[in-house]
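Here's a quick briefing to read with the model open in your viewer. It goes from helix packing to sheets and then to a couple of single residues.

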Amino acid sequence: MTRRAAIIGSGFGGLALAIRLQSAGIATTVIEARDKPGGRAYFWERDGHMFDAGPTVITDPACLRELWELTGADMNRDVELIPVEPFYRLSWPDGTTFDYLNDDAVLEEQIHSLEPADVEGYRRFLRYAAGVYTEGYEKLGAVPFLDFKSMLRAAPQLARYQAWRSVYSVVSSFVRNEKLRQALSFHTLLVGGNPMTTSAIYALIHKLERDGGVWFARGGTNRLVAGMVRHFERLGGTLRLGDPVKQIATADGRASAVTTRSGWSERFDAVASNADVVRTYDMLKSPRGSQAAVRLRKKRFSPSLFVIPFSTQGEWPGLPHHTILFGPRYGELLKEIFRGDKLAEDPSLYVHHPTATDPSMAPVGKSTFYALAPVPHLGHASVDWDREGPAYAKRLLSILEDRLLPGLAGRLDTVFHFGPQEFESELNSHLGSAFSLEPMLTQSAWFRVHNRDDVIPNLYFVGAGTHPGAGIPGVVGSAKATAGLMIEDLAT
């Protein structure tokens, strides 16, 4: 008899899990609350522009290709990935710029101009990053940590690479120039982590990028989502859109059925959630649900984001795809983002300029952007976003005009914003957090939400809130870990 599985949420983790289950012959239904698949990888089409809402940095394309290769298919049939160079352009208020790219000669020349002694330090840092990549990503990235013994088995390797130290601390032991320290530690912000507190294991991101490159899907990240959906449905899977799950029913200690807002209800042999971990337990109608939700609410959650999609008249030659604008402060700003109760006047910004790589994202003669600033989540900062949102958008656009896009105000077309309030109301994210649980060592691996619930044996988790964490490679890795458990469990 065919086994049936439900997956709540169609983010990258949910879709990757769905493809793995369907490829294994498990009849899989994905239930998505919003009108389009993708979860946080949503998109808007406005005035001829394609605005991606979520992740725009694609690394480790091999983990994505593997989803097609499970059934002998080719990802190129559904998705075209384009390499991005430089990976990022980093810019500081004093006018210093640094292109992080996959060319050792150019990279080391730039490092030498900042601090000659740091060239050798950077080489040593890359060797360190390669080691933590092997231990933290290749060996543990798709392995579920279901008991503390599994954590103890990994402990010697984690200790060898001083996992208790922060990324910034380890980077600082290799290079002494402060700008280089920022350049080599900011990546944790892309997965919701504070460089000053996130485990040094996350230095593996550098190895991931240097080996696999940084990529963009032609047409936008949304086209990667669309390709995954196409492949899933081609395998026989079912996608249900625009119908939020309201309840996960239980019977005899097991998840038994899923019911949506429309009244649709189906019984399943297993239920997996790609939704927010707190809200998932809120939906679980059993004592386990309320108890787990209470415990999770006591943990530390990553910040939110304030995102401004906008378009301009004309093009911006020479402006790369990804730009990081560092503010005048680093450590103090990070404290305000992660633990503060107000909005920073001097934020750091990430600027996404997809028309640098794919002009089809905008009408001819125009450009598409989004800019984002990490901001405190709703549990820290009691900001009236209806009032403050428009003012903060103006503030960030002014910074962009001063530092990156001269004359921006006179060339602006479409402008809107999406912030913590929308992360909570539209994405059903606890506290409006953009990346779920903050990726600290004490909230990683076994300490994170487990890929399979400890009490409800056929309830599973996938995505940013479970092991290994946020980011496209992270949530796709979580899908591999969770799929292994589900396929084995459903075979018995």
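Helix 2 and helix 9 run roughly parallel to each other, with axes that cross at roughly 20 degrees. Keep in mind that this is a predicted model.

**Helix 2 against helix 9**

- The axes of helix 2 (residues 61-69) and helix 9 come within 11 Å, and the crossing is left-handed.
- On the helix 2 side you'll find Leu 64, Leu 67 and Trp 68, which meet Leu 224, Gly 227, Met 228 and His 231 of helix 9.
- Sorted by class, this contact has five nonpolar residues, two polar ones and no charged ones.

**Helix 1 against helix 9**

- Helix 1 (residues 12-23) and helix 9 (residues 221-234) have axes that come within 9 Å and cross at roughly 25 degrees.
- Angles under 35 degrees count as roughly parallel, so helix 1 is roughly parallel to helix 9.
- This crossing is left-handed as well, going by the helix 1 and helix 9 axes.
- The class count for helix 1 with helix 9 is 10 nonpolar, three polar and no charged residues.

**Helix 1 against helix 15**

- Helix 1 also comes up against helix 15, with axes within 8 Å and a crossing at roughly 35 degrees.
- Here the crossing is right-handed.
- From helix 1, Phe 12, Gly 13, Ala 16, Leu 17, Arg 20 and Leu 21 take part, and they meet Ile 472, Val 475, Val 476, Ala 479, Lys 480, Thr 482, Ala 483, Met 486 and Ile 487 in helix 15.

- Five strands make an open sheet in the order 10-2-1-14-20, and the pairing is parallel.
- Strand 10 (238-240) and strand 20 sit at the edges with a single partner strand each, so one side of each has no neighbour in the sheet.
- Averaged over the sheet and ignoring direction, neighbouring strands are turned by 20 degrees against each other.
- Strand 1 (residues 4-8) is mostly covered, with four of its five residues buried.
- Five bridges tie strand 1 to strand 2 (residues 27-31), and the two run parallel.
- Two pairs to click on: Ala 5 has Thr 28 as its bridge partner in strand 2, and Ile 7 has Val 30.

- Three strands make another open sheet, in the order 5-9-6, with antiparallel pairing.
- Strand 5 (58-59) and strand 6 (81-83) are the edge strands, each with a single partner, so one side of each is left without a neighbour in the sheet.
- Strand 6 and strand 9 (residues 214-217) run antiparallel and are joined by three bridges.
- Pro 83 has Trp 215 of strand 9 as its bridge partner.

**Two buried residues to look at**

- Phe 98 belongs to strand 8 (residues 97-100) and counts as buried, at 2% relative accessibility.
- Leaving out residues up to four places away in sequence, Phe 98 touches Tyr 88, Arg 89, Leu 90, Trp 92, Leu 107, Gln 110, Ile 111, Leu 114 and Leu 180.
- Phe 98 and Lys 179 are 81 residues apart in sequence, but their C-alpha atoms are 9.1 Å apart in space.
- Ser 429 lies in the loop between helix 14 (420-425) and strand 20 (459-461), and with a relative accessible area of 0% it is buried.
- With residues up to four places away in sequence again left out, Ser 429 touches Arg 40, Asp 276, Arg 279, Phe 423 and Glu 424.

Notes. Residues numbered from 1 in each chain as written. Predicted model: local features only at pLDDT ≥ 70, side-chain atom pairs only at ≥ 80, totals over all residues. Heavy atoms only, no water. Pairing = 2+ DSSP bridges. Axes fitted to C-alpha atoms, helices over the stretch in contact; angles between N-to-C directions. Parallel < 35°, antiparallel > 145°, perpendicular 65-115°, else oblique. Left-handed = near helix turned anticlockwise from the far one by under 90°. Nonpolar A, V, L, I, M, F, W, Y, C, P; charged D, E, K, R; others polar. Buried < 20%, exposed > 50% of the residue type's maximum accessible area, 1.4 Å probe, protein only. Contact = heavy atoms within 4.5 Å.
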